[in-house]
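The tour goes from one selection to the next.

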Amino acid sequence: MLQIPICGLLLLAAPSADEALSARLRALAAVGSAEVPRPSRDGSRVAFVTSLFGSRQAAVMPVDGGYPVELTAEREGVVSLRYSPTDARRLVAVVRRDGRRRIVVLDDEGSPAEEVERSPGDQLLGGFTRDGSRLFFATVSEGKGRLFQFQLDGNKATEVLPGTIPPATGTFASAPPFLAPPPRDAGARDAGASDAGATSGAAGGRPASAALSEVLADVQALGPPSPDGRYLLLVTSKGGGNDVWSIELSSTRATLLTPHEGRARFADPRWSPDGRTVYVLDDAGRDRDGVDAIAVATRERKTIYAPNRRVEAYALTEDGHRLAVAEDASGETVFGLLELPGLRAQPLPQPPSGALAQAPEGESAMAWSASGDRLFFGWSQADDTTDVLGFRMGFGAVVRLTRSPRPGLPAGSLPRPSRLTLTGSDGKEVGAWIWRPSGASRPKLALLITGDEVRPVLEPKVAALVAAGFAVLGVNPRDSRAKLETGEDAVPDLVAAIRSARSQGDVDAERPLLLAIGKGGGQAARILKAHPDAFSGAVAADGSERIPGVVLAASLPDLVKAARERAR
C-alpha cells in the first residue's frame, strides 16, 4: 500500500524535460565573463570589463588577487577601458549610450563617468600622449569624421584643425616627403583582387599624402600618438582592405604608411619607443597575418614575425625590448615571446587549452604592464568562462586572475566541440567545429554564422541550442590563400559543407536551421538570398545584424523557441 504514494511522490519530484531545459537556459544566461584587461601605471591594479554585476561594466582589482570593485553603472554596458600613462588612478572607457560608442573619463575610486565631448555620433578612442595630458579621439556621424584632443587638466575637448596644435619641438626628426618604397623584402607581389588597388592603399590608388578630412571619411580605428606627441596613427577601411596613416597634428596632413598592391588587412598599429618605426599586424604579401615593422622615414615595410600560423595579436613592451605574439593553432591559441631587435625566442608558459578572447575594434587583445614584467589577456575555453589571465616573467606559470560565475553548470557539464574536415566547393577541404547533444540520435543541424572565425570556445547561445537537442556546426571556409571567407565568396563553401555533413549520416542535415550571431547577419542574408529553400528557417541571436524576415531572439528562451518553430 505504501508503494503507490511513494512512486507518485517520485514522479512529482522528477522535473519534466521542459523544466530541465528552462533551468539549463537560466544557468547559461547567468554565465559571466571578464576580458580586455588593462594594468594601472604603477602595476598594483588591473582594470577589465566584466559581466559579474549583471551587464558589461568596468571593474578593478589588485593585480595579485582580490574581489573586483565595480567602477561603472552604464545602462548599455562598457566596451573597453584604459589607464592613464601617468595617473595611476585615472581611466578612460568606451561605453554604449543610446546605441552609440561614447568615451568617458573616470577614476578607480568611484567618481562618476563623464563624457569627453557631447557632439552626436560614435567616438573612436585613440590614445594618450606620453605625459598623459592629452587624449585623442575621433567622432563619426552621418559618414563624416572629426578628430579631437581632450585636455585632461581642463576637461576640455578641442577639434583638431590646421594650426590648432602648434608645431612641437620633438626629439625625433619630422618625416620627409614621401618616396616610393624599394621592392618588398617579401619577394612577392601583394595578392588580392585585380581592381582592389583602386580603393585600397595601392601606389596607383590612394595618394601618398592627403588632407585629414579625406581619410576621416573612411576611419575604422585610431592608433596612439607618437612618443613626441607630433603624430597620430589612423586606420582606414575601404574596398575590403585597410590602410594605416600618420597624421601630423600641427598641419593635419595625413601620410600613407602602407602603400601596397591589391587588397590587404592592416590593424593594431603601434609606435616603437623612439618613434622611428610603426609595428602593425597585417597580411600584405602573404596568406596569413604576421607582424611587420614600417620605417616612418621611408615607408619601407619589413617582416618581423610571420610564422606558418596566423598571428592573432601582438603586444610590445613600453621599452620595445619584448614582443609577445598569439598564434592560431587549428582554432586554439599558443603564445610566443621574442626579444627585440634580435628576435631571439624566449620560453613562455602556455595557458589551458583555449583561445585568446578577441578585443573590440581598435583595442589590443593583450597588454603589458608598464615595467614589462607582466602580460595580461582574456582567455576563452570550450567548457569554462572567459576570464583574465596573466604571465609574470621569471615565474614560469600562468595565473588566473578572475573566475567568472557559471551557476548550475558544474565541471564537465558543458558540451565540447569536435573538429571536422568537410568538403567545400571545388572539392577543397574545409575546417569546421561541431557541438553535439549527448545521447541524441541524428539531431537536427544548425549552421552557425558569426561573420568571423569560429573558435572551439564556450558560446552560451550555441550551448542553449545544444541543450535543446540541436547539433551546431561552425564552418571556417578559406580561399586559395588560406584566408577566411566572410563575404559572398563564402556561400558556395558553406552550402557544400552542409552537403558534406549530410553525407556523414550522424546528423539530420536536410534543410538545416541557420543561426546568425554577432556579425553574422549580413552573411546569413547572402546565404538565404542565394539558397532560399536550402534551410528550414533562420534565427538571429541578440546582437546580430537584422535579417529581413528573420526573428531576432533577445533571450536564450526566445532563441530556443524560434529555433524549434522553424525547424519543424
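This is a predicted model, and the stops below cover a loop residue and then a pair of helices.

**Stop one: a loop residue**

Select R130, which sits in the loop that joins β9 (122-128) to β10 (134-141). Is R130 buried or exposed? Its relative accessible area is 54%, and the cut-off for exposed is over 50%, so R130 counts as exposed.

Next, show the residues around R130. Leaving aside residues up to four places away in sequence, R130 touches P85, T86, P227 and P273. Zoom in on P273: its backbone oxygen is 3.3 Å from a polar atom of the R130 side chain.

Along the chain, G229 and R130 are 99 residues apart, while their C-alpha atoms are separated by 7.3 Å.

**Stop two: a helix pair**

Select helix α4 (residues 460-467) together with helix α7 (residues 556-566). Their axes come within 10 Å and cross at roughly 50 degrees. Which hand does the crossing of α4 and α7 have? The crossing is right-handed.

Which residues meet between α4 and α7? On the α4 side, show P460, K461, A464 and L465; on the α7 side, show L556, L559, V560 and A563. The residues of this contact divide into 7 nonpolar and 1 charged, with no polar ones. K461 is the charged residue here.

Methods. Residues numbered from 1 in each chain as written. Predicted model: local features only at pLDDT ≥ 70, side-chain atom pairs only at ≥ 80, totals over all residues. Heavy atoms only, no water. Axes fitted to C-alpha atoms, helices over the stretch in contact; angles between N-to-C directions. Helix = DSSP H or I, 4+ residues; strand = E, 2+ residues; numbered from the N terminus. Left-handed = near helix turned anticlockwise from the far one by under 90°. Contact = heavy atoms within 4.5 Å. Buried < 20%, exposed > 50% of the residue type's maximum accessible area, 1.4 Å probe, protein only. Polar contact = N/O pair within 3.5 Å; in protein donor to acceptor, adjacent residues only side chain to side chain.
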